[in-house]
Amino acid sequence: MHSEAVTILAINGSERAGGNTDLAVEHAGRLIAERGATLRTIRLRDHRISPCSPCGDCNSRTTLCQVDDDVPALVEQMVRADGLIYAAPVHGFGLAHLMQVFIERVGVGYLRFTRPLADKVGGIIVTGRRYSDSSVHNQIVNNLLLNRMILVGSGFPVLLRNTTGTPGLTDTEGVDALERMVHRMLDMVQLLKRHQRVAGGPVLPERDRNERIPRPRRSESVPNRGDTENVH
């Protein structure tokens, strides 16, 4: 079944043009196009993204980040997309700094206020030589879960390893995981769109704007046994 008006946005956090991360995103784009959907790509290396400034009030301020760069426009693209793929290499046994800076700026500067990525389908691609790729994958998983996104299980995580020194999709198991992930993402986006048309509204209820707003505990909202027995 072909995807109907589906747009997936890939956020490519690699500094290296033509490297393994670029090749992986391009392969995902071909698969998405075959399903009749569209892949748009943000290459972070092509944008002006400042690191967090020393203002230090990110966790307390009630307005959006005031740093003047390309981040607000990139956030708009994320909000418009049906699904997001975060793609990044391992650098120095951790997440490549472009993606690290981006998720920090986007998270505390914009997304934490209303969690606008909630219920969007998410996917992750990590490229590396041989070490720490699962740790980087887990970090991005936590970020997507914080933003209330939907991660679709598709077998093994998409960890693409290449020890040759020459860019290439040489990891057959990793490529297979990538393909499964892409198809499952598109299937889930289609399912959510169909359900939304039938229900005429959001698929999942929005119980609060963000996790910083306290919600009543069950003991505070449900009468205890004694109170129930005394109600007439």
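Q: How do the residues lining the second largest pocket divide into nonpolar, polar and charged?
A: Start with the classes: Ala, Val, Leu, Ile, Met, Phe, Trp, Tyr, Cys and Pro count as nonpolar, Asp, Glu, Lys and Arg as charged, and the others, Gly among them, as polar. In this structure, the lining of the second largest pocket has three nonpolar, 11 polar and three charged residues. Keep in mind that this is a predicted model, where local features need pLDDT of at least 70 and side-chain atom pairs count only at pLDDT 80 or more, while totals for chains, interfaces and linings use all residues. Residues are numbered from 1 along each chain as its sequence is written, and side-chain values use heavy atoms, leaving out hydrogens and water.

Q: Where is the second largest pocket, and what volume does it have?
A: Rolling a probe the size of a water molecule over the atoms shows where empty space is left. On a 1 Å grid over the protein atoms alone, a pocket is an open set of points with protein on both sides within 12 Å along at least five of seven lines, a cavity is a set where a 1.4 Å probe fits but cannot get out, and lining residues have an atom within 4 Å of a point. A volume is the space filled by probe spheres set on the points, which are joined across faces, edges and corners. Here the second largest pocket has a volume of about 260 Å³. Of its 17 lining residues, R16, N20, P89, T127 and G128 lie nearest its centre. Two or more residues of this lining come from each of α1 (20-34), β3 and β5, and β3 gives the largest share, with three. Names like these come from DSSP runs, numbered from the N terminus: helices are H or I with at least four residues, and strands are E with at least two.

Q: What lines the largest pocket?
A: The largest pocket has a volume of about 640 Å³ and is lined by 23 residues, with A118, D119, K120, P202 and L204 nearest its centre. Helix α5 (residues 172-199) gives the most to this lining, four residues. By class, the lining holds 10 nonpolar, two polar and 11 charged residues.

Q: How many cavities of 30 Å³ or more does a search of the whole structure find?
A: The search finds three. The largest cavity holds about 40 Å³ of space, and its lining is made up of N20, L160, R161, N162, G168, L169, T170 and D171.

Q: Which residues touch the most other members of the largest nonpolar core?
A: In soluble globular proteins, nonpolar side chains tend to be buried together. A nonpolar core is a set of buried Ala, Val, Leu, Ile, Met, Phe, Trp, Tyr and Cys residues joined through side-chain atoms within 4.5 Å. In this model, the largest core has 33 residues, and L44, M78, L84, Y86, M99, F102 and I140 touch the most other members. Elements giving two or more residues to this core are β1 (7-12), α2 (71-80), β3 (83-91), α3 (97-111), β5 (121-128) and α4 (133-146). The largest share, eight residues, comes from α3. A second, separate core of 26 residues includes A28, A87, V175 and M181.

Q: Why is α3 described as largely enclosed by the rest of the structure?
A: Buried means under 20% relative accessible area, exposed over 50%, and partly exposed in between (1.4 Å probe, protein chains only). Helix α3 is largely enclosed because 11 of its 15 residues are buried. Those buried residues pack against β1, α2, β3, β4 (94-95) and α4. One of them is L111, which counts as buried at 2% relative accessibility. Contact means heavy atoms within 4.5 Å, and L111 is in contact with V75, V106, P116, L117 and N147, leaving aside neighbours within four places in sequence.

Q: Is R207 buried or exposed?
A: R207 counts as exposed, because its relative accessibility is 64%. R207 sits in the loop between α5 and α6 (218-221).

Q: What span should α5 have?
A: The expected span of a helix is 1.5 Å times one less than its number of residues. The 28 residues of α5 should therefore span 40 Å, and this agrees with its end C-alpha atoms, 40 Å apart. The buried residues of α5 include V175, M181 and L192. Among the elements covering the buried residues of α5 are β1, α1, β3 and β5.
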